[in-house]
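Please look over the sequence and the model first.

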Amino acid sequence: MAQYTLAQSPEIILTVPGKDSAKAREKAMDQLMELMDAGKLSTELEEGFSPQQLIEVKEPTTESASAEDAITQAVQVLNNLATLKLKVQESRTEALEIRKTVDVLFSDNSVTEEEITRLKEGFKILKNFAQANVRYQEARAKAEQARQVLDQALKSPEN
């Protein structure tokens with residue numbers, strides 16, 4: 001629904017179906033002419049009033065829409081946290097085993113080429129775990145606020 005008013009008479013609201021368009025403005029002008037013909041318009045319009053001079057009345061954005069957006073975003077944040085937690089859990093054991101073998105590089109004991117090759121292959125797993133763990137820790141901090149948003153939205157009106 002499109003709504004229009006006049007600068008000279010802001011109390012007059014002309015409502016027409018559809019969205020703001022030339023056709024909708026023409027329909028609003030028809031309503032305006034009917035009001036003028038019926039003597040219900042107290043304002044004298046200057047000669048040459050056109051549909052372009054109608055002022056579109058926009059509905060104020062509601063708080064419920066922004067609250068719904070906040071809830072949707074909170075759920076997405078928590079979903080991301082769940083995914084990251086699973087990824088961290090899946091790679092933790094293997095990454096910690098690889099981490100233990102890193103100490104071999106700092107000892108004076110000799111190592112085989114095979115051990116070094118296995119270690120180099122493990123660095124990718126170690127890196128992926130460490131990065132996922134950092135992202136998980138960051139996501140967890142953000143998820144605290146998301147949890148509060150959801151808790152607030154889930155409160156019953158009696159509380």
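The notes below cover the overall fold, a pocket, a surface patch, salt bridges and an annotated region.

The structure is a predicted model, in which local features need pLDDT of at least 70 and side-chain atom pairs count only at pLDDT 80 or more, while totals for chains, interfaces and linings use all residues. Residues are numbered from 1 along each chain as its sequence is written, and side-chain values use heavy atoms, with hydrogens and water left out.

**Overall fold**

- The protein contains three helices and three strands, where helices (H or I, at least four residues) and strands (E, at least two) are DSSP runs numbered from the N terminus.
- Along the sequence, these elements come in the order β-β-α-β-α-α.
- The protein has 159 residues, of which 24% count as buried; buried means under 20% relative accessible area, exposed means over 50%, and partly exposed lies in between (1.4 Å probe, protein chains only).

**The largest pocket**

- The largest pocket holds about 220 Å³ of space.
- Grid points are joined across faces, edges and corners, and the volume is the space filled by probe spheres set on the points.
- The lining of this largest pocket consists of E97, I98, T101, V104, V111, E115, I116, R118, L119, E121 and G122.
- Helices α2 and α3 each give at least two residues to that lining, and α3 provides its largest share, six residues.
- V102 is located in helix α2 and is buried, because its relative accessible area is 13%.
- Between V102 and G122 there are 9.5 Å in space, C-alpha to C-alpha, although they are 20 residues apart in sequence.

**A nonpolar surface patch**

- L105, F106 and F123 make a nonpolar surface patch of about 340 Å².
- Patches are made of residues with over 30% relative accessible area and no salt bridge, with nonpolar side chains (Val, Leu, Ile, Met, Phe, Trp, Tyr) joined within 5 Å and like charges within 9 Å.
- Accessible areas come from the Shrake-Rupley method with a 1.4 Å probe, and for residues only the protein chains shown count as cover.
- F106 sits in the loop between α2 (63–102) and α3 (113–154), and F106 counts as exposed because its relative accessibility is 69%.

**Salt bridges**

- Four salt bridges are found in a search of the whole structure; a salt bridge is a side-chain nitrogen of Lys or Arg within 4 Å of a carboxyl oxygen of Asp or Glu.
- One of them joins the side chains of D20 and R25 (3.1 Å, N to O). D20 is partly exposed at 32% relative accessible area, whereas R25 counts as buried at 15% relative accessibility.
- Another joins the side chains of R99 and D103 (2.9 Å, N to O). R99 counts as partly exposed at 40% relative accessibility, and D103 counts as partly exposed at 44%.
- The side chains of R147 and E144 also meet in a salt bridge (2.7 Å, N to O). Both R147 and E144 belong to helix α3, three residues apart, which is about one turn of the helix. R147 counts as partly exposed at 44% relative accessibility, and E144 at 37%.

**An annotated region**

- An unreviewed UniProt entry lists residues 126–156 as "coiled-coil region". UniProt positions are given in the numbering used here, feature names are shortened, and annotations may be inferred rather than shown by experiment.
- In the model, residues 126–156 are 94% helix and 0% strand, and the end C-alpha atoms of the span lie 45 Å apart.

Technical notes:
On a 1 Å grid over the protein atoms alone, a cavity is a set of points where a 1.4 Å probe fits but cannot get out, and a pocket is an open set with protein on both sides within 12 Å along at least five of seven lines; lining residues have an atom within 4 Å of a point.
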